[in-house]
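Q: Hi! I'm new to this one, could you walk me through it?

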Amino acid sequence: MAERLLVRALRGGKSTKIVTLNGKKITKMPSTLEKLPGLKTLDLRNNLIPKVCPEISTLTQFQDLKLREFYCEGNPLFLKQPVSAVKQEEVWNLQEITSRFIMNQLAEKNPFLMQAIAWYPQVRNIISRGRKCTMCGKSFLTTWLECVEFVPPSKNWKISRNLQLVPLRILICSYKCFSQRGPNLFGIAQV
């Protein structure tokens, strides 16, 4: 049902101003919101959303939605329960090691790799799934840890009085980066 409402909203394109998914039992934040540049009101109250989706993964992208009103009460978004991490040896497989090297070299515009990558579509396909670590900014293929960071909503938004922080999904590439996190960044663990 929620997907149908979003498809209808996307058909409206730039003219869609309000998306109301209050009580629709959705389990993740809609990934198509950035395709609605005219969106002014987003109502996600009373759903089952545990975190912000990967497609809207940074504060800048989320705030660029130019919302005037944002409602998300009644979701399990705000359970701020810290979990301590136990340092474990990071053992990556050969594909992860190679992918990290290639992606980071391409980010530095290595001319040899930039030319060679054109000849290997399979490698291009693999590294196209890469992500950037929120802490160090380096590329990685396999998510080491998924976290939630609580950030203040945009000052331009009209929000409920009790909404002081919005949870955003953060991906981290290593224990080293996890240990450098700030006080509002929490690891997601299954207990």
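A: Happy to! One term to begin with: contact means heavy atoms within 4.5 Å. Also, this is a predicted model, where local features need pLDDT of at least 70, side-chain atom pairs count only at pLDDT 80 or more, and totals for chains, interfaces and linings use all residues. Residues are numbered from 1 along each chain as its sequence is written, and side-chain values use heavy atoms, with hydrogens and water left out.

Q: Thanks! What is Phe140 in contact with, leaving aside neighbours within four places in sequence?

A: Its partners include Glu96, Arg100, Met103, Gly130, Cys133, Leu171 and Cys173.

Q: Is Phe140 buried or exposed?

A: Phe140 is buried (under 20% relative accessible area; exposed is over 50%, partly exposed in between, with a 1.4 Å probe and protein chains only). Its own relative accessible area is 0%.

Q: And where does Phe140 lie?

A: Phe140 lies in strand S5. Strands (E, at least two residues) and helices (H or I, at least four) are DSSP runs, numbered from the N terminus.

Q: Switching to helices, what do the buried residues of H3 pack against?

A: They pack against helix H4 (111-116), helix H5 (121-127) and strand S5 (139-140). Among those buried residues of H3 are Glu96, Arg100 and Met103.

Q: What is there just after H3?

A: Lys109, which takes a positive phi of about 60°.

Q: Last one: which residues does Leu44 touch?

A: Not counting residues up to four places away in sequence, Leu44 touches Leu21, Ile26, Met29, Pro30, Ile49, Phe70, Tyr71, Cys72 and Asn75.
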